[in-house]
Amino acid sequence: MNNSPHQPVLYKEIIHALQPRRGGRYVDGTLGAGGHARGILEASVPDGQLLGLDVDPQALALARKILAPYEQRIHLVQASYVSLSAQLAILGWDKVDGIVLDLGASSMQFDTPERGFSFAQEAPLDMRFGPTMLKTAADLVNELSERELADLLYQYGEERDSRRIARAIVKARPLHTTRELVAVIEAVSPRRGDRIHPATRTFQALRIAVNEELASIEEVLPQAVASLRSGGRLAVISFHSLEDRIVKEFFREQSKDLVNPPYEQIYKEERKATLKEVNRKPITPSDEEIKNNPRARSAKLRIVEKM
Ligand SMILES: C[S@@+](CC[C@H](N)C(=O)[O-])C[C@H]1O[C@@H](n2cnc3c(N)ncnc32)[C@H](O)[C@@H]1O
């Protein structure tokens, strides 16, 4: 694909990482608009197959259209990547050759005001990636205690003003829309010459909590590793340090041999490394990609290969 607005983040790098080949089986756990999936299908002509998952029915509908030319080779399912092992079992796929996870929200979700992801647009406080998420952002904002809210903003948003913002939210609630929430935050947490808007971290924190993003990543990584064939690759793009830390630590841990030295027991359970890190440092987008797509600026790609 060229540099159309639909070019997914780190597109070339993902295709290079997975090296799709004919006859291969691939998983895109975060299908979105199907950009990475299309690249994988094109690179694995004539018979590479792809399982695509997304919790968002709108994303799935769009991907289905975009991937229509590959209809015979795709299996698209509205499901969380947390159900990866189960989805593979349903297909009868024992092992796969490559998996991509491009975490977080899509441009389409950010750019659909009524989804409530953007603090720049008036909308209900929703922020669910899909209809199966139990709570909306409004539910959290209106139901959590002040303490729980402050912890959530601090942990998932790394928000320094978490206590002050939580107190103001509790005082002002019920809050139903993005603008109402932004107004509360702006009143107690003014810009301090930061690059980012004062509501950025609160919106990030709520989105992570609504979609249980960090727990989902922790759940999917071992499943992904278990389902790769030897030599198969897993490529993960993260967009903030909380996600990246989980991915980095999991990859480091699984790339180490845990073997006790003679006469010592450091590890309760010995195990050989299951993964090899393909890149020690994360791959980041080029200046040109960031110029074309400013949202790519915080992307980090880590790639591992199954031993
Ligand atoms: C950054 S976008 C992916 C864009 C995609 N790579 C492309 O080429 O268009 C992330 C997608 O992952 C989906 N998503 C987020 N959490 C998910 C989960 N737990 N399971 C499945 N899909 C998820 C979102 O709904 C969103 O569509």
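**Labels and the values behind them**

Analyst: Happy to! Let's begin with Gln 19, which sits in the loop that runs between helix H1 (11-18) and strand E1 (25-28). Please keep in mind that this is a predicted model.

User: What makes Gln 19 count as partly exposed?

Analyst: Its relative accessible area is 48%. Buried would need a value under 20% and exposed one over 50%, so with 48% Gln 19 is partly exposed.

User: And what is the phi of Gln 19?

Analyst: Phi is near 40° there, which is a positive value in a residue other than glycine. Most residues other than glycine have a negative phi. Glu 212 also has a positive value, with phi near 45°, and that residue belongs to the loop between H10 and H11.

User: Why is Glu 212 called exposed?

Analyst: Its relative accessibility is 53%. The cut-off for exposed is over 50%, so Glu 212 falls in that class.

User: How do you know that the peptide bond between Val 45 and Pro 46 is cis or trans?

Analyst: Omega is about 5° for this bond, and the bond is cis. Pro 46 is in the loop between helix H2 (35-43) and strand E2 (49-54). Another cis bond leads from Arg 173 to Pro 174, where omega is near 15°; Pro 174 lies in the loop that connects H8 and helix H9 (178-188). As background, most peptide bonds are trans.

User: Let's turn to the helices. At what angle do the axes of H7 and H10 cross?

Analyst: Helix H7 (residues 146-157) and helix H10 (residues 200-210) have axes that come within 8 Å and cross at roughly 95°. Angles from 65 to 115 degrees count as roughly perpendicular, so that is how H7 stands to H10. On the H7 side, the contact involves Leu 152, Leu 153, Tyr 156 and Gly 157, while H10 contributes residues including Arg 201, Ala 205 and Ile 208. Sorted by class, this contact has seven nonpolar, three polar and one charged residues.

User: Which residues make the contact between H4 and H11?

Analyst: Here the axes of helix H4 (residues 84-91) and helix H11 (residues 213-227) come within 9 Å and cross at roughly 35°. H4 brings Leu 84, Ser 85 and Leu 88, and H11 brings Val 220, Gln 223, Ala 224 and Ser 227. The classes are four nonpolar, three polar and no charged residues.

User: How many aromatic pairs are there in the structure?

Analyst: Four. In one of them, the ring centres of Phe 119 and Phe 203 are 5.6 Å apart and the planes meet at 75°. Rings pair if their centres lie within 6.5 Å, and planes over 60 degrees apart count as edge-to-face, so this pair qualifies on both values. There is also one aromatic cluster, formed by Phe 110, Phe 117 and Phe 129.

User: What parts does the pair of Phe 119 and Phe 203 tie together?

Analyst: Phe 119 is in the loop between helix H5 (107-110) and helix H6 (137-143), and Phe 203 is in helix H10, so the pair links parts 84 residues apart in sequence. Phe 119 is partly exposed at 25%, whereas Phe 203, at 4%, is buried.

User: What makes Gln 109 count as buried?

Analyst: Its relative accessibility is 4%, and buried means under 20%, so the label holds. Gln 109 is in helix H5, and its side chain reaches the backbone nitrogen of Ser 106 at 2.8 Å. Beyond its sequence neighbours within four places, Gln 109 is in contact with Asp 56, Gly 104, Arg 115, Phe 117 and Phe 129.

User: Is Arg 302 buried or exposed?

Analyst: Buried, because its relative accessibility is 5%. Arg 302 lies in strand E7 (residues 300-306).

User: Why is the link between the side chains of Arg 302 and Asp 244 called a polar contact?

Analyst: The separation is 2.8 Å, and a polar contact needs N or O atoms within 3.5 Å, one able to donate a hydrogen and the other to accept it. Outside four places in sequence, Arg 302 also touches residues including Leu 234, Phe 251 and Pro 282.

How values were computed. Residues numbered from 1 in each chain as written. Predicted model: local features only at pLDDT ≥ 70, side-chain atom pairs only at ≥ 80, totals over all residues. Heavy atoms only, no water. Axes fitted to C-alpha atoms, helices over the stretch in contact; angles between N-to-C directions. Helix = DSSP H or I, 4+ residues; strand = E, 2+ residues; numbered from the N terminus. Parallel < 35°, antiparallel > 145°, perpendicular 65-115°, else oblique. Contact = heavy atoms within 4.5 Å. Nonpolar A, V, L, I, M, F, W, Y, C, P; charged D, E, K, R; others polar. Phe/Tyr/Trp six-rings, centres within 6.5 Å; stacked < 30°, edge-to-face > 60°. Buried < 20%, exposed > 50% of the residue type's maximum accessible area, 1.4 Å probe, protein only.
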